[in-house]
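Have a look at the picture below, then read on.

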Amino acid sequence: MPIGDPGGGNFEYTTEGLPESIFMVSVPSADPGRALGFYRDILMMDTVYAGGNECVVRRGSCIIRIFRSEKIGIDTGIFIGVDSPYNLHRRLIDEGVSFKLDPKRLPMGVATSFFDTDGNILYAIETDAPVKKPEELE
């Protein structure tokens, strides 16, 4: 009998319980309260929760948990979906945000990457682009 089957072992697995989306991501910060300002005021995210050692922000289906950590300045690997990386780039340049990568076409669409106030790298990628194989980009 499978552990998750209280009915006695006649259960057949299909797609129930399998991952469908990312619910929330976490980003380290030396000072979550200070970092909250960047995510709230620059990225225009709503504050869901703000406590001493963490806060949570949200815009649409993008939820980010900012937690206190001594290990900051990392490449988060987080790709935030946006309708236009070019417009985001222009907006964030006007706010004085530093970029690691100007908007560039990648296999998954146009993407850009930037630094938050703790030096963490975040990515933004267009959400409605068709996925292309690398050889199709040439």
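Two strands pair if DSSP finds at least two bridges between them. Helices (H or I, at least four residues) and strands (E, at least two) are DSSP runs, numbered from the N terminus. This is a predicted model, so local features need pLDDT of at least 70 and side-chain atom pairs count only at pLDDT 80 or more, while totals for chains, interfaces and linings use all residues. Residues are numbered from 1 along each chain as its sequence is written, and side-chain values use heavy atoms, with hydrogens and water left out.

**Strand β8 and its partners**

Let's start with β8, which covers residues 121-126. Which strands does β8 pair with? On the one hand, five bridges link β8 to β5 (residues 75-82), and this pair runs parallel. On the other, five bridges link β8 to β7 (residues 109-115), and that pair runs antiparallel. Here is one bridge pair from each:

| Residue | Opposite residue in β8 |
|---|---|
| Asp75 | Ile121 |

Is β8 buried or exposed? Six of its six residues are buried, where buried means under 20% relative accessible area, exposed over 50% and partly exposed in between (1.4 Å probe, protein chains only). In a regular strand the side chains alternate between the two faces of the sheet. In β8, Ile121, Tyr123 and Ile125 sit on one side, with Leu122, Ala124 and Glu126 on the other, and both faces are covered.

**The core**

A nonpolar core is a set of buried Ala, Val, Leu, Ile, Met, Phe, Trp, Tyr and Cys residues joined through side-chain atoms within 4.5 Å. The largest one here has 22 residues, and those with the most contacts inside it are Tyr39, Leu43, Ile64, Leu92 and Phe114. Helix α1 (32-42) is among the elements that each supply at least two residues, and so is β8. The largest share, five residues, comes from α1.

Leu43 touches Phe38, Arg59, Leu88, Leu92 and Phe114, leaving out residues up to four places away in sequence; contact means heavy atoms within 4.5 Å.

**Val57 and the cysteines**

Val57 belongs to strand β3 and is buried, at 0% relative accessible area. Beyond four places in sequence, its contacts include Leu36, Tyr39 and Cys62.

As for cysteines, Cys55 is buried at 1%, whereas Cys62 is partly exposed at 23%. Counting pairs of cysteine sulfur atoms within 2.5 Å as disulfides, the model has zero of them.
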